[in-house]
Amino acid sequence: MDPEPKKGDDSPSNSCNSHGPLHPQSPFPDEVLEKVLSFVDSHKDRSSISLVRKDWYNAERWTRSKLFIGNCYAVSPEIVARRFRRIKSVTLKGKPRFSDFNLVPLDWGANVYPWLVMFAKVYPFLEELRLKRMTITDEGLELLAKSFPRFKALSLSSCDGFTENGLKAIASHCRNLTEINIQDSITEDVGGGWLSCFPENFSSLEILNFSILNGDVNFNDLERLVSRCKLLRVLKVNESITLDELQRLLVHGPRLTELGTGSFPQELTPRQYEDIETAFCNCRNLQVLSCLWEATSVYLPLLYGACASLTFLNLSVAPLQSGEFAKFLAHCPNLRCLWVIDTVEDKGLEAVGLSCPLLEELRVYPADPDDRDHRDGVTELGFLAVSRGCPKLHYVLYFCRRMTNAAVVTIVQNCPNFTHFRLCIMTPRQPDYLTNEPMDEAFGAVVKTCTKIKRLSVSGLLTDQTFEYIGQYAKDLETLSVAFAGSSDWGMQCIMEGCPKLRKLEIRDCPFGDAALLSGREKYERIRSLWMSACRVTMKGCKLLARESPRLNVEVIREEGGNEDQALKVYLYRSVAGPRKDAPPFVLTL
Amino acid sequence: MSIPQEHDYIGLSEPLPSEKISYKMAAAAAAAEGVSPSLNAEKIGAFNLKETELRLGLPGSEAPERKGGIGIGVSLFGKELKDESVCVKSFVSGAKRGFSHAINGAGKWGLSIHGGSAADLGGNGGPNVKEEIPAVKAVEERKNEASITAPASKAQVVGWPPIRSFRKNTLATNTPKKDDVAGKSGSGCLYIKVSMDGAPYLRKIDLKTYCSYAEISSALEKMFSCFTIGQCGQGLAAKEHLSESHLMDLLHGSEYVLTYEDKDGDWMLVGDVPWEMFTDSCRRLRIMKGSDAIGLAPRTMQKSKSQN
């Protein structure tokens with residue numbers, strides 16, 4: 001039978017072979033099955049495997065070591081702990097994505113603490129924790145730091161709730177830490193003292209990213225840390241570190257594959273300039289470069305030496321003008337991924353089209369999202385220029401103030417391989433600026449031409465026609481974001497009845513009401529979640545849906561104002577854990 | 001093929017007349033669902049009438065229609081953080097628009113009301129700079145943007161465009177003009193961070209571009225007006241503690257005060273010291289909730305007393 005004593009009575013081999021006539025003997029011994037499964041990493045594949053038959057389900061649950069939970073409320077810590085026994089890595093996602101844009105009140109939930117308590121009991125050998133849009137308090141970080149002796153990697157993306165005290169606990173207690181990766185966090189000010197808490201003999205760090213935190217760190221401590229961590233390959237500092245200080249940290253230059261610069265100082269002496277230039281030239285293997293803050297044309301040339309093998313350039317918080325940007329690009333022939341601010345304007349994007357033939361991903365962020373300064377930003381022309389020069393482009397996020405249907409039609413003809421098409425025409429309900437027509441044909445072209453489209457964000461003036469197109473053509477679509485669009489319930493119905501692979505749907509400010517909401521009742525258990533805010537959904541409609549669908553959590557976020565019948569913020573998701581037990585008073589589970 | 005539709009800029013500000021909806025589809029859908037399309041339009045109309053009411057509360061006046069359930073009137077000594085969590089979200093779209101109406105229409109807000117009355121503090125000649133954020137009813141953010149009849153400049157919609165807070169922060173402070181030299185401290189400029197309790201991101205300002213408390217406070221007022229939580233100053237209880245000084249008087253009728261961290265790391269109320277001394281010692285600014293600032297006052301007063 002089972003040679004490994006540690007499995008105990010509950011072992012898969014014991015249980016499945018004892019099922020006689022109902023479960024014919026598996027063609028493989030369990031050891032073989034488990035061995036094979038140990039090579040399967042993808043959680044999607046593993047989910048499929050677990051559905052084949054009971055012995056495969058058991059083999060899978062014993063061999064899974066990486067847990068991915070896309071919605072922390074879809075399942076509970078208890079259920080997870082019962083099913084899986086040997087988890088080393090956990091990825092958890094919490095709040096709806098619109099929480100990034102302040103649409104979800106604070107204290108909504110997604111606190112990881114109850115999960116950590118369970119993990120401490122059941123997975124003492126946990127090594128990695130990756131959180132997205134969750135709240136983790138100092139208490140949680142302390143529990144994490146003290147409960148898992150082999151803990152290695154902490155990644156927090158869009159998380160909140162912690163201060164430097166929590167990070168101090170991590171730095172002080174996690175002897176085997178290889179990764180601290182904090183991105184897009186929305187915490188209050190987090191001090192920088194934690195960086196000084198790593199013990200003197202600590203040297204295992206490979207990834208250090210604290211660029212988003214705004215506390216001042218002690219440079220000397222950072223320098224010592226960096227110099228003793230010989231395996232460090234990702235270093236992204238925050239704005240408290242200036243370029244001349246960064247230069248001293250580049251002692252490991254050739255080992256670094258990813259670098260995030262700090263801030264750029266006001267003045268450099270010629271000697272400093274030289275030293276920095278040399279240090280960057282030393283970074284021969286850099287693949288990813290992020291520039292922070294005030295990267296002006298004076299300093300950009302310093303970075304040129306590091307750009308030869310660059311594949312990802314992130315200038316999304318460093319506004320540049322088109323001229324200096326074009327010059328920079330000339331030094332980055334291997335770029336595959338580029339994030340810029342629209343201060344580079346169409347001219348800058350023309351340079352992208354000319355200099356970056358390998359480009360696969362482009363994101364253009366607005367310098368002036370609230371249109372205070374009435375800047376031009378980028379237009380359809382810039383996008384066209386990129387599409388002409390970058391045929392491999394498949395991921396775009398583009399913020400602009402004007403667009404035409406014709407341009408988009410041409411763009412997708414040039415680049416038919418889009419998998420992610422996120423176009424944000426910043427003025428709500430803005431039509432094609434040349435023809436004054438809705439932008440229906442633009443998105444129609446996207447879904448008709450780009451058969452592999454997986455993620456779509458629509459904007460501009462859109463009628464139900466857009467949704468007819470999407471429902472009909474976007475067979476692989478998984479994520480759809482809709483804002484200020486549609487004419488009637490029919491629009492949303494088209495989506496609900498089409499898009500067989502849809503997983504996440506988020507809608508705001510659209511004229512979709514109860515009929516639209518209810519039209520999706522068959523679909524909701526097959527998707528991860530639906531967000532609808534500022535639409536025409538009522539409490540009645542939500543209650544009806546909730547009544548019909550026991551395995552859905554239909555939550556309404558109640559806010560001040562608005563009348564009692566409206567359901568102004570609805571978030572529904574499938575769950576095997578039942579209604580949330582930690583819902584704050586303003587979240588009503590129907 | 002849908003009929004090109006006319007929408008005014010904000011869109012939902014009027015009921016969608018049925019002829020403007022892609023009628024075929026609406027009718028088809030409605031027929032399928034057994035609902036008449038005009039019903040929706042009527043409902044929208046009803047919503048919109050309410051939406052078009054934009055109310056503003058002056059400091060010291062109770063804003064109408066406060067829904068009792070989620071109380072806004074925060075007592076000075078209560079930490080109604082839960083309420084705050086709900087209110088924080090209403091970074092009021094269009095409140096910006098509303099503000100200018102209020103500011104222009106209702107005479108001078110904020111600083112000058114109190115600046116006029118309580119002239120000097122401790123004899124140092126600096127005008128008061130308690131930051132007073134004009135009170136605006138916490139209008140539902142998404143309805144508000146729909147209800148504003150198209151103004152010359154655009155109203156702000158919460159969460160739109162969909163840009164994360166940290167980007168807005170850095171973009172706001174770092175978009176360069178040709179002669180801008182950003183530096184941490186020293187020669188040309190003096191950048192300091194300004195944070196506001198409850199606001200999702202901080203700003204940076206150059207202290208050297210201001211020459212008086214009045215200037216800086218009106219600039220801050222403009223900068224942070226979009227974050228104002230619609231709260232009047234009502235409900236500040238226990239005023240007996242507060243009558244000790246001008247500073248304390250200023251906390252009446254206001255939810256926020258402007259404080260700064262000085263060279264010694266102490267948090268002080270802004271307005272204590274002469275302007276030059278302030279710019280020399282100020283390391284960062286914070287627009288604090290009045291309730292949190294109470295603890296500051298006695299110390300400040302002691303400091304100013306000792307200076308006198």
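In helix α4 (residues 54-63) of chain A, seven of the 10 residues are buried, which leaves the helix mostly covered; the buried ones are A:D55, A:N58, A:A59, A:E60, A:R61, A:W62 and A:T63. Buried stands for under 20% relative accessible area, exposed for over 50% and partly exposed for values in between, with a 1.4 Å probe and protein chains only. Helices (H or I, at least four residues) and strands (E, at least two) are DSSP runs numbered from the N terminus.

This is a predicted model, in which local features need pLDDT of at least 70 and side-chain atom pairs count only at pLDDT 80 or more, while totals for chains, interfaces and linings use all residues. Residues are numbered from 1 along each chain as its sequence is written, chains are lettered from A and ligands numbered from 1 in the order in which they are written, and side-chain values use heavy atoms, with hydrogens and water left out.

Beyond its neighbours within four places in sequence, A:F418 has contacts (heavy atoms within 4.5 Å) with residues including A:F383, A:Y395, A:I411 and A:I453.

| Helix pair | Axis distance | Crossing angle |
|---|---|---|
| α14(A) (residues 345-355) and α15(A) (residues 380-389) | within 7 Å | roughly 5° |
| α17(A) and α18(A) (residues 464-473) | 8 Å | about 5° |

Angles under 35 degrees count as roughly parallel, over 145 as roughly antiparallel, 65 to 115 as roughly perpendicular and the rest as oblique; α17(A) is thus roughly parallel to α18(A). Their contact involves A:D440, A:E441, A:F443, A:G444, A:V447 and A:K448 of α17(A), together with A:Q465, A:T466, A:Y469, A:I470 and A:Y473 of α18(A).

The whole structure contains zero disulfides (pairs of cysteine sulfur atoms within 2.5 Å) over all chains. A:C415 is in no disulfide, and the nearest cysteine sulfur, that of A:C390, is 7.2 Å away; A:C415 is buried, at 0% relative accessibility. The sulfur of A:C499 is too far for a bond, because the closest cysteine sulfur, in A:C494, is 9.4 Å from it.

Which residues does a cis peptide bond join in chain B? The bond lies between B:W160 and B:P161, with omega about -5°, and B:P161 is placed in the loop between α6 (141-147) and α7 (165-174) of chain B.

Positive phi values in residues other than glycine occur at A:D107, near 65°, and at A:D509, near 55°.

Definitions and conventions:
Axes fitted to C-alpha atoms, helices over the stretch in contact; angles between N-to-C directions.
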